[in-house]
Amino acid sequence: MGKYDLIVIGGGPAGLTASIYASRAGLKTLVLEQTISGGQMRLTGIIENYPGFPEVTGAELSDAMYRQAQRQGAEIASASARSLRKDGDGFAIEASSGSHQAGAVISASGTYHRNLACRGAEEYVGRGVSFCALCDAGFVRNDTVAAVGGGNSALEEADYLARFASKVYVIHRRDEFRADKALQARALANPKLEFLLSSEVEAIEGSDIVERILVRNKKTGEVTPFAVGGVFMFVGSAPNTDYLPPEVDTAEGGWIKTDARLQTSVPGIFAAGDVRDTDLRQIATATADGARAGVNAARFLEGSVWKGLS
Ligand code: NAP
C-alpha cells in the first residue's frame, strides 16, 4: 500500500506538468502511467506549435518533461489505474501496481483512438489497421496506404506517412477538413497525398493482412476498391475514464466536467488535459491544465482534513 498526498493518473503533458507543480508545492506525488511517459505526445513525430520549441519531436519533449518531473521529486510508476473511490479522508486507487491511498487525485489519463465501425476494421487491427503513424510507418515503406479522417491527426500523420509510403490516400467523409489551416496547406502541397473527399471506407479486406479497401463516394454512391498495405485510423478519440467512480460528472462522450479550478464534481478529484470536457486539445493546453490542477490540488489539501502521510 502506497500512501501519497497526490496521485496523478496519466503521464502525458498534463499529468507530468501537474506532478511538477504539485511536487514543488511539497506534495508527495505519484504519477501512474499505463504505457510510456509522454502519452500521445510521445507518438507525435514533429511538434511545431509548442511555444519555445519551433521544432521538437514528441519523444524529446516527453523525455524532457519526464526528467523535469523526476527532478522535482515526483515518483513515476509504470502502472494503470483500475478503480478510484472515496476512502475515509482521501481516496483509494487500485492500480496494476497495487493499492494506493491519496488525499487528492488528478485524472489526466488522456484519450484512446476510435476505430471505424465498417467491416474488417476491428478484425485487421494490428494486421494493417493502425492508429499510429510513428509506430507503424516503417511497415509500409514504399507501399500504398490509407489515412482516414479530416482532423489535425489525419493530416499531420498522413504527411508523416508519406515519408515512408509511396502514396497515401486521405479519405474524409466531408469536403472540408477540420484540421488547422497550416496543416491543410502542408498536406495539400504534398504530392504523395491523394484526397478522396466525401468518401467513406465501406470495408477493409485482405488475407492475413490488409490488402484492399472499398471506398464509397457519398455523392455518387459509387464503390471503388483501392489496393493498400495499411489503413491508418484518425477518426477521433474518446476519454480513458474506465476507472472513474460514477459520482464524477461527465459530458456527452464521457469527457470529464470541471470547474474553473479544474475540480470535478467530487471535491479532491481534479481533471486535466485531453480527458477533460474542453474546446481545445493541445500540448500547450494540457500543460496549462496540469499546472492549474497541480496547484489547486495543493490548495485543496491545505484546507482539507487529509491527515497527510503520518
Ligand atoms: P478530431 O479533431 O475529432 O477529428 C476526427 C476526424 O475524424 C474528423 O475529421 C471527423 O470527421 C472524422 N470522423 C469521425 N468519425 C468518423 C467516422 N465514423 N467515419 C469517418 N470519419 C470520421 O480528432 P483528431 O484529429 O484525432 O484530434 C483530436 C484532438 O487532438 C483535436 O482537438 C486536435 O486538435 C488535437 N490534435 C492537435 C494536433 C496539432 O495541433 N498539431 C495534432 C493532433 C491532434 P468530421 O470532420 O466530418 O467530423
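In the predicted model, Ile213 is located in strand S15, which spans residues 210–217, and Ile213 is buried, its relative accessible area being 0%. The C-alpha atom of Ile213 is separated by 9.8 Å from that of Val145, a residue 68 positions away along the chain.

Strand S15 also contains Arg216, whereas Glu200 belongs to strand S14 (residues 199–206), so that the pair ties together parts 16 residues apart in sequence; the contact is a salt bridge with an N to O distance of 3.3 Å. Both partners are partly exposed, Arg216 with a relative accessible area of 27% and Glu200 at 29% relative accessibility.

Asp175 is partly exposed at 41% relative accessibility, while Lys219, with a relative accessible area of 61%, is exposed. The salt bridges number 13 by the criterion applied.

On the surface, Arg114, Arg173, Arg174 and Arg178 gather in a patch of positive charge; of these, Arg114 is found in the loop between strand S9 (111–113) and strand S10 (129–130).

The largest nonpolar core comprises 31 residues, and those with the most contacts inside it include Leu6, Ile47, Met65 and Ile283. Among the elements that each supply at least two residues of this core are strand S1 (2–9) and helix H6 (283–303), with H6 giving the most, namely 6 residues.

Methods
Residues are numbered from 1 along each chain as its sequence is written. This is a predicted model: local features need pLDDT of at least 70, side-chain atom pairs count only at pLDDT 80 or more; totals for chains, interfaces and linings use all residues. Side-chain values use heavy atoms; hydrogens and water are left out. Patches are made of residues with over 30% relative accessible area and no salt bridge: like charges are joined within 9 Å, nonpolar side chains (Val, Leu, Ile, Met, Phe, Trp, Tyr) within 5 Å. Accessible areas come from the Shrake-Rupley method with a 1.4 Å probe; for residues, only the protein chains shown count as cover. A salt bridge is a side-chain nitrogen of Lys or Arg within 4 Å of a carboxyl oxygen of Asp or Glu. Lys and Arg count as positive and Asp and Glu as negative; His and the chain ends are not counted. The place of a charge is taken as NZ of Lys, CZ of Arg, CG of Asp or CD of Glu. Helices (H or I, at least four residues) and strands (E, at least two) are DSSP runs, numbered from the N terminus. A nonpolar core is a set of buried Ala, Val, Leu, Ile, Met, Phe, Trp, Tyr and Cys residues joined through side-chain atoms within 4.5 Å. Buried means under 20% relative accessible area, exposed over 50%, partly exposed in between (1.4 Å probe, protein chains only).
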